[in-house]
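Subject: Structure handover

Hello,

Here is the structure for you to look over. My notes follow below it.

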Amino acid sequence: MFWYEISLENLGVTNPLKGDEDKKEKKKKTKKKTEDEAPEAAPAPASKPASQKRRAQRSGSNVFAAFTPHQVQEFKEAFNLIDQDKDGFISKNDIRATFDSLGRLTTEPELESMMSEASGPINFTMFLTIFGDRISGTDEEDVIVNAFNLYDEGEGKCREETLKRALTTWGEKFSEAEVLIPLNLI
């Protein structure tokens, strides 16, 4: 719930999800071009002796497969910034100190809520898992940014009345009580 308040940009880390679509598209085009230009493959050589056979490489955790190596590196940088005591695990004190450095005070229930999102101690793999679960099924970043830009009345801000009207009028209509939650009026 509060993990995104520790935004990567606030920590001085570039967004690891930004710009990867272009890289993926270029990679696909290069691969297709290589396949089109490649001559027919020669028949496979006879089996190598046991001493020369390569071993199958182990695959990493599925959470690492969900991100590009560049994204993993960016998340690692963010993890290291949040891990204030540098013990390899994120604790409540680490989260509290990170929020404090961003100028936001947190309550004990908020910290407990964040810690309870993990099924165990928050090491780097668990950190990636939390973010992987959060972003799976969400829209692309440019879609979200464009949606917020519709309401931008300058300096990245919108009027509360405009947002309330939109939330109660279009799409999945919010009730008056539900509108107060994202606006922190409860």
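**Overall layout**

Helices (H or I, at least four residues) and strands (E, at least two) are DSSP runs, numbered from the N terminus.

Two ground rules. This is a predicted model, in which local features need pLDDT of at least 70 and side-chain atom pairs count only at pLDDT 80 or more, while totals for chains, interfaces and linings use all residues. Residues are numbered from 1 along each chain as its sequence is written, and side-chain values use heavy atoms, with hydrogens and water left out.

**Confidence**

pLDDT is the predictor's confidence in each residue, from 0 to 100. The chain has a mean pLDDT of 74. 65% of its residues reach 70 or more. Helix H4 (residues 92-101) has the highest confidence, at 94. Helix H1 (residues 20-37) has the lowest, at a mean of 52. Over residues 41-60 the pLDDT is below 50. Beyond near neighbours in sequence, that stretch has two contacts in the model. Contact means heavy atoms within 4.5 Å.

**Burial and core**

The chain has 186 residues, and 23% of them count as buried. The cut-offs: buried is under 20% relative accessible area, exposed is over 50%, and partly exposed is in between (1.4 Å probe, protein chains only). Take the contacts between residues at least 6 apart in sequence: 57% of them join residues at least 24 apart.

The largest nonpolar core has 19 residues. Such a core is a set of buried Ala, Val, Leu, Ile, Met, Phe, Trp, Tyr and Cys residues joined through side-chain atoms within 4.5 Å. Phe75, Ile90, Ile122, Phe124, Phe127 and Leu128 touch the most other members. Helix H3 (69-82), H4, helix H5 (108-116) and helix H6 (124-135) each give two or more residues to this core. H6 gives the most, with six residues.

**Aromatic pairs**

How many aromatic pairs does a search of the whole structure find? Seven. Rings of Phe, Tyr and Trp (its six-membered ring) pair if their centres lie within 6.5 Å; planes under 30 degrees apart count as stacked, over 60 as edge-to-face and the rest as tilted.

Phenylalanine 64 is partly exposed, at 30% relative accessibility. Phenylalanine 124 is buried, at 11%.

Phenylalanine 79 and phenylalanine 127 make an edge-to-face pair, at 5.4 Å centre to centre and 65° between the planes. This pair links helix H3, which holds phenylalanine 79, to helix H6, which holds phenylalanine 127. The two residues are 48 apart in the chain. Phenylalanine 79 is buried at 2% relative accessibility, and phenylalanine 127 is buried at 1%.

Phe64, Phe67, Phe75, Phe79, Phe124, Phe127 and Phe131 form one aromatic cluster.

**Charges over rings**

The test here: NZ of Lys or CZ of Arg is within 6 Å of the ring centre and within 35 degrees of the ring normal. The charged end of lysine 76 sits over the ring of phenylalanine 124, 4.7 Å from its centre. Arginine 104 lies over the face of phenylalanine 99, 5.2 Å from the ring centre.

**Loops**

Lysine 86 is in the loop between H3 and H4. Its phi is near 55°, a positive value in a residue other than glycine. Lysine 86 is exposed, with a relative accessible area of 56%.

Glutamate 155 is in the loop between helix H7 (141-149) and helix H8 (160-169). Its phi is near 60°, again a positive value in a residue other than glycine. Glutamate 155 is exposed, at 76% relative accessibility.

Not counting residues up to four places away in sequence, threonine 106 touches Arg96, Phe99 and Leu111.

Regards
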